[in-house]
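Biologist: Can you take me through this one? I'd like to hear what stands behind each label you use.

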Amino acid sequence: GIYKALSKKSNGEVADFGELFSGFQKIVPCLIVAIVMAIIQFIVSLVMLLIAAGAGVSAVGLAGLITKDGQINPALVGGLLLAMFAFLAIYIVINLIISALTAFVYPLIGERDVSGGKALLLSVKSGLSNIVGIILLMILLGFMSLGGLLVCFIGFFFVAPIIYAAMFAAYQSVFGRPQDLRQHTPPPPPNFGNQPGY
């Protein structure tokens with residue numbers, strides 16, 4: 001509904017408050033996409049968690065958490081912390097890539113009225129073509145969200161419309177406006193013979 005309202009505003013039309021709830025008419029394709037994306041996120045998280053747990057258990061088993069004099073092994077603890085930060089960085093990068101590939105799913109459903117599967121495929125295709133720019137935009141928007149959340153969560157309510165508008169502007173720069181896709185015939189030239197003085 002938000003993307004539909006943004007589409008109307010960008011086309012110079014008037015978007016009323018009820019437009020925000022028009023997204024409920026497209027709940028089925030949005031729900032399909034949300035389920036597919038949730039399954040993908042769950043699988044990625046589970047694989048990363050299993051790899052991290054396996055690496056941690058094997059490191060503790062090989063090096064031993066307690067040294068011979070009864071102290072905690074500082075090298076092992078430092079190594080585990082470094083490995084944890086490395087896995088966290090890899091997880092963030094993977095999530096950024098997935099988010100960049102699926103960034104335009106909901107605007108496609110809202111504005112172009114396509115099915116969930118087609119919107120997902122189009123978003124992945126366009127995301128692959130523009131991956132660096134979308135990731136940089138998402139990092140910037142992530143810092144904006146963090147800044148809004150740090151101000152007692154109140155700032156996020158001021159930042160959220162900017163985030164939606166920025167993502168919609170990126171979507172329109174990739175896909176163009178719907179009326180740009182139609183052929184427009186130019187208006188006829190003015191007939192100066194009917195003007196006074198001719």
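Biologist: Which helix gives the largest share of the lining of the largest pocket?

Modeller: That's H6, with 6 residues. Before going on: this is a predicted model, where local features need pLDDT of at least 70, side-chain atom pairs count only at pLDDT 80 or more, and totals for chains, interfaces and linings use all residues. Residues are numbered from 1 along each chain as its sequence is written, and side-chain values use heavy atoms, with hydrogens and water left out.

Biologist: What makes it a pocket and not a cavity?

Modeller: Both are sets of points on a 1 Å grid over the protein atoms alone; in a cavity a 1.4 Å probe fits but cannot get out, while a pocket is an open set with protein on both sides within 12 Å along at least five of seven lines. The largest pocket holds about 870 Å³, the volume being the space filled by probe spheres set on points joined across faces, edges and corners. Its lining (residues with an atom within 4 Å of a point) has 32 residues, with Tyr3, Ala103, Tyr106, Tyr164 and Met167 nearest the centre.

Biologist: Why say that the buried residues of H6 line one face?

Modeller: The buried ones are Ile134, Ile135, Met138, Leu141, Ser145 and Gly148. Down the axis of H6 they fall within an arc of 135°, so they line one face; the arc is taken from the directions from the helix axis to the C-beta atoms. The face turned away carries exposed Val132, Leu136, Phe143 and Leu150.

Biologist: What covers that buried side?

Modeller: The cover includes H3 (74-101), H5 (116-129) and H7 (155-175).

Biologist: Why is Asn95 called buried?

Modeller: Buried means under 20% relative accessible area, exposed over 50%, partly exposed in between (1.4 Å probe, protein chains only). Asn95 sits at 16%, so it counts as buried. Asn95 belongs to H3.

Biologist: What makes its link to Gln41 a polar contact?

Modeller: The rule asks for N or O atoms within 3.5 Å; within protein, one must be able to donate a hydrogen and the other to accept it, and sequence neighbours count only if both atoms are side-chain atoms. The side chains of Asn95 and Gln41 make such a contact at 3.5 Å.

Conventions. Helix = DSSP H or I, 4+ residues; strand = E, 2+ residues; numbered from the N terminus. Contact = heavy atoms within 4.5 Å.
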